[in-house]
Amino acid sequence: MSNYHSQEQIIYRNLSGKIQMGFYDNGERFPSAKEIADRFHVSYCPAQRALKMLEQNGQIKLHRGSATAVLKKPYENYLESDVFKRHIKSLLDLCQSLELISPALCTYNLQHFKKTLPSLWLRKIAQGQHAGLSLYQQFDRSLHLFGNKTVLSLYYDISSFSESAFLDILSLKYGKEKGDSFLQHIASEYAHCIQDQHPDSVSALQEKLEGLSSTFFDAIKDYLIECDTSSIEQEPFSWEPRKGRTRYCDVVAIEILCKINQGVYPVGSRLPNGHILAEIYHISAITVRRTIALLNKLGVTETVNGVGTFVVSRGGPEIPYKLKDLTLDDNMRDFLEALQILAIISRPVMLSALPHIPHQTLQELSKAASITQEKKSLVQTVSVGLQAVIRYSPLAAIREIYSKLTLLLLKGSILRLEETGAESVAGWPEISASIKKSCACADYEKLSETFQTLFQNNFASAKQTLLEIGVDGVEEITGF
């Protein structure tokens, strides 16, 4: 049986969920294996295996040389299924998390993607002919125009986890006719946002999208809150940004190499034990062991059984060549996409998490921003800020998303292998001063805005570096 997070399983669950949501009820053609492979950025084989799984479960019928036929939905009544009942608490948490981040992502998306919007779609929206596209279909299309594969991956996993729950709840709550009318109203308002948005009205656009998001999720949250889950073991939502491909031990090893070179772990010192490393980087015990094994193989550490792992060398100029397989363009794009997402959603996420963060953590943040070496101060401030959200956000989905974004950021650590930490950072004195002042008076609004600026500046700097290096595809990732 395929691994739950394998490429074919993720594709299977996503397509199955779309069948359940009625994506293909109005005659829309089911995608071919090649189209699926392109959409999910995988090879042909996992796409074909996912189609075979759908066929084996009786949901589709494959026809060589002609269109695939959709036969039935996975569930006659999804809200009565055991799968839905195991997901109730996580779905409530997802509603709150999506209400937090989706308006920010949509605002950014609508600002930048209108120039690439297919003219036919835009013309239909202008003529009021968007009724043929459901809210989910409009959102799905706009996500593909975003150009950020990491965002697509996140919403694929959310869609796979929620399946038709949101639509079915609205239909049950309002009745089929009123439920469809409600969804069409939201879809129409979203279409008008696509049509009417203007570069000079960003705040007004985001405010309207926040209102639409609240309107959509409020009724769903009310239903989920009333569900009795006391006798049912609940399953958490999980996100795997790169299905079946990510070797987190590689990126964690690069991050530790940076710290060794910068003297955080000097030669002769002992690395933190496995439990602490697992907590720092949000990885499993087996990933920690693989990380240490790689560092030992590179000759920078040595493990003494029963004692620990010691730093024996800072590594020479040959290290980047030994790690050449870890510096592929895909890894650099993953890193930049993660930075882009953080630059978009950091303000609402930080604003939501900060009231739950203890005073001691705010002091740690202020201390990190006070480090005299600018690049070292930046890296440490980002680390403390991300860890604060991962540990103290009241929303499990936000903690999950931030933990995976943190791991994706580690893919960019190889850019810092030769840094000492003393390098200057454009705009850092002002950002540092703002963080220290905001922490001192617990000004959460200002601190959230400053973190957004920090990530935007970091994104711009990283993109410029990757463009100079010649990383393929970076120019397509839009800035601010």
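Predicted model: local features only at pLDDT ≥ 70, side-chain atom pairs only at ≥ 80, totals over all residues.
Residues are numbered from 1 along each chain as its sequence is written, and side-chain values use heavy atoms, with hydrogens and water left out.

The protein has 20 helices and four strands; helices (H or I, at least four residues) and strands (E, at least two) are DSSP runs, numbered from the N terminus. Of the 480 residues in the protein, 51% are buried. Buried denotes a relative accessible area under 20%, exposed one over 50%, and partly exposed a value in between, computed with a 1.4 Å probe on protein chains only. Among contacts in the protein with a separation of 6 or more, 74% join residues 24 or more positions apart, a contact being defined by heavy atoms within 4.5 Å.

Helix α1 (residues 7-21) and helix α3 (residues 44-56) have axes that come within 8 Å and cross at roughly 50 degrees. Axes are lines fitted to C-alpha atoms, for helices over the stretch in contact, and angles run from 0 to 180 degrees between N-to-C directions. The angle makes α1 oblique to α3; angles under 35 degrees count as roughly parallel, over 145 as roughly antiparallel, 65 to 115 as roughly perpendicular and the rest as oblique. The crossing of α1 and α3 is right-handed, a term applied if the near helix is turned clockwise from the far one by less than a right angle, with left-handed applied if the turn is anticlockwise. On the α1 side the contact involves Gln7, Glu8, Gln9, Ile11, Tyr12, Leu15 and Ser16, which meet Pro46, Ala47, Arg49, Ala50, Leu51, Met53 and Leu54 in α3. By class, the residues of this contact comprise nine nonpolar, three polar and two charged. In this classification Ala, Val, Leu, Ile, Met, Phe, Trp, Tyr, Cys and Pro count as nonpolar, Asp, Glu, Lys and Arg as charged, and the others, Gly among them, as polar.

Phe40 and Ile11 are separated by 29 residues in sequence and by 7.6 Å in space, C-alpha to C-alpha. Phe40 is buried, because its relative accessibility is 10%.

Helix α11 (residues 248-261) packs against α13 at an angle of about 55 degrees, with the two axes 8 Å apart. The arrangement of α11 is therefore oblique to α13, and the crossing of these helices is right-handed. The contact is formed by Tyr248, Cys249, Asp250, Val252, Ala253, Ile256 and Leu257 of α11 together with Thr287, Arg290, Thr291, Leu294, Leu295 and Leu298 of α13. Nine nonpolar, two polar and two charged residues make up the contact of α11 with α13.

For helix α17 (residues 374-392) and helix α19 (residues 428-441), the axes come within 11 Å and cross at roughly 45 degrees. These helices are therefore oblique to each other, but the crossing of α17 and α19 is left-handed. Glu374, Ser377, Leu378 and Thr381 of α17 contact Trp428, Pro429 and Ile435 of α19. The residues of this contact divide into four nonpolar, two polar and one charged. Helix α19 also contains Ser434, which is buried because its relative accessibility is 15%. Beyond neighbours within four places in sequence, Ser434 is in contact with Lys446 and Thr450.

Gly211 lies in helix α10 (residues 202-226) and is partly exposed, at 34% relative accessibility. Although Gly211 and Glu99 are 112 residues apart in sequence, their C-alpha atoms are 9.5 Å apart in space.

Most residues other than glycine have a negative phi. Glu163, in contrast, has a positive phi near 50 degrees. Glu163 occupies the loop between α7 (149-162) and α8 (165-174) and is buried, with a relative accessible area of 8%. A positive phi, near 55 degrees, is also found at His282, in the loop between α12 (274-281) and α13 (285-298). At 26% relative accessibility, His282 is partly exposed.

With a disulfide defined as a pair of cysteine sulfur atoms within 2.5 Å, the count comes to zero. Cys95 is buried at a relative accessible area of 0%, and Cys106 is buried at 9%.
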